[in-house]
Amino acid sequence: SALISLVITAGIIAALVVIFIIPAFTSAREIRARLAVERQAVEDTFGPKLSAMILDTTDTVYMAFADSGAKTQMGKAIHSEEDAKSAERYLSVVGKALAEGSSAYMQGVFMQVYAVVMRGLIVLTWTVLLLPFLGAAIADGLALRAVKYASFGYQNPTAFSLGAHAVILISVLPLAYIVMPMHMTPLFMPMWALCAAVPMLLAISHSQPIFTR
């Protein structure tokens, strides 16, 4: 639908903003400190085995990005200390400031890419772990719908519409978590699942049967 397309487009734009715009306003040191805190939070939340899988996969994906040549091309904007001194010698203090600023910015971009990959894997891991819970919510909604249908109960189209739209809006929250440029706990997804289950149950229980008797 148009709403889903809008949500996906907004998510892509948000990811690009976080990766390329946020480092212009946040120092590389701050982004690095946030990454260190989140890596530790992953270890505390998932335990040694599962956290090792998430972090190792993040490293692998990031290295694949680096080996693809994209990082090399983008990294041409990173200047060494010698480059900064040359800039100061030939382009004045302003040139040195621009060289150092470009270096810090691109380091921030690379770390933002790493953070997006890590959070994406966190969302994927939680999605697999929460499938039984979400499946139970769907089954409960179908059971309630069957009871309403068998007893000629009223299936409210307004309740269905509200529940369905709420599910679509809530479904974008994991994407917001992935691109959020601030520290977020890995326990976000279980809280999201609890919030998503209620409108999902409402929408399914008030949905019209596809086939009639």
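Which residue lies over the face of Y177? In this predicted model, that residue is R119, placed 5.1 Å from the ring centre.

## Aromatic pairs

Across the whole structure, a search finds three aromatic pairs. One of them joins F46 and W126, whose ring centres are 5.3 Å apart; the planes meet at 50°, so the pair is classed as tilted. This pair links distant parts of the chain, with F46 in helix α2 and W126 in helix α4 (residues 81–150), 80 residues apart. F46 counts as buried at 11% relative accessibility, and W126 is buried too, with a relative accessible area of 13%.

Y62 and Y114 form another pair, with ring centres 5.6 Å apart and planes at 75°, so the arrangement is edge-to-face. Here again distant parts of the chain are linked: Y62 belongs to helix α2 and Y114 to helix α4, 52 residues apart. Y62 has 12% relative accessibility and counts as buried. Y114 is likewise buried, its relative accessible area being 11%.

## Nonpolar surface patch

I12, I13, L16, V17, F20, I21 and F25 make a nonpolar surface patch of about 690 Å². Among these residues, I21 sits in the loop between α1 (2–20) and α2 (28–67). I21 has a relative accessible area of 41% and is therefore partly exposed, since that class lies between the buried limit of 20% and the exposed limit of 50%.

Notes. Residues are numbered from 1 along each chain as its sequence is written. This is a predicted model: local features need pLDDT of at least 70, side-chain atom pairs count only at pLDDT 80 or more; totals for chains, interfaces and linings use all residues. Side-chain values use heavy atoms; hydrogens and water are left out. Patches are made of residues with over 30% relative accessible area and no salt bridge: like charges are joined within 9 Å, nonpolar side chains (Val, Leu, Ile, Met, Phe, Trp, Tyr) within 5 Å. Accessible areas come from the Shrake-Rupley method with a 1.4 Å probe; for residues, only the protein chains shown count as cover. A salt bridge is a side-chain nitrogen of Lys or Arg within 4 Å of a carboxyl oxygen of Asp or Glu. Helices (H or I, at least four residues) and strands (E, at least two) are DSSP runs, numbered from the N terminus. Buried means under 20% relative accessible area, exposed over 50%, partly exposed in between (1.4 Å probe, protein chains only). Rings of Phe, Tyr and Trp (its six-membered ring) pair if their centres lie within 6.5 Å; planes under 30 degrees apart count as stacked, over 60 as edge-to-face and the rest as tilted. A charge sits over a ring if NZ of Lys or CZ of Arg is within 6 Å of the ring centre and within 35 degrees of the ring normal.
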